[in-house]
Amino acid sequence: MKYKYHEGNRTKDYPRSRKGTDCVVRSITIILEQPYKTTLAELCEYSVKYGAVLNDEWLYEKYLTDKGFEKQKPPRVNGRKIQLLNFKFKGRCVLLTRNHLTAIIDDTVYDTWDCRQSNCNSYYVYKKSVD
């Protein structure tokens, strides 16, 4: 698994640099290849509709499912979760580590920091083709 810095094209919509807890918006934006502002607006609509903050797992899971993602169980070896560094994945997915979402495309982590030492939890495979 390789790592590549990617901030989800946030600076295209919001030029001022900002570090924060936007991993949900950022990782989904990367996988869907849509503007950061679009993902943020859609997740905010879900937040209002369902009465939850956009980084609640059940809320972003609903959004991902509606967008064509399919949830997968954590990858394991001998019954133990594996480190992201050892996860082999071809395709596009959003993966949950401990309290963090990251984007994976064809064995490469796209994120603002290298989280490959984290253990893999559930992940969401994008089943539709990106236009």
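How many bridges join β2 to β8, and do these strands run parallel or antiparallel? Keep that question in mind while looking around this structure, which is a predicted model.

Begin with the sheet by selecting its six strands, which form an open sheet with mixed pairing in the order β1-β7-β6-β5-β8-β2. Select β1 (2–5) and β2 (69–72) next: these stand at the edges, each with a single partner strand, so one side of each is left without a neighbour in the sheet. Looking across the strands, you can follow a twist that averages 30 degrees from one strand to the next.

Now show β2 together with β8, where the opening question finds its answer: four bridges join the two strands, and they run antiparallel. Within this pair, select Phe-69, which stands opposite Tyr-126 in β8. Leaving aside neighbours within four places in sequence, Phe-69 is in contact with Ile-31, Leu-32, Leu-64, Val-94, Tyr-124, Val-125 and Tyr-126.

From here, move to the largest nonpolar core, which has 24 residues, and highlight Ile-28 and Phe-69, the members that touch the most others. Among the elements that give two or more residues to this core are α2 (23–32), α3 (36–50), α4 (57–66) and β5 (92–97), and the largest share, seven residues, comes from α2. Finally, select Ile-104, Val-109, Tyr-123 and Val-125, which are included in a second, separate core of 13 residues.

Terms used:
Residues numbered from 1 in each chain as written. Predicted model: local features only at pLDDT ≥ 70, side-chain atom pairs only at ≥ 80, totals over all residues. Heavy atoms only, no water. Core = buried A, V, L, I, M, F, W, Y, C linked by side-chain atoms within 4.5 Å. Buried < 20%, exposed > 50% of the residue type's maximum accessible area, 1.4 Å probe, protein only. Contact = heavy atoms within 4.5 Å. Pairing = 2+ DSSP bridges. Axes fitted to C-alpha atoms, helices over the stretch in contact; angles between N-to-C directions.
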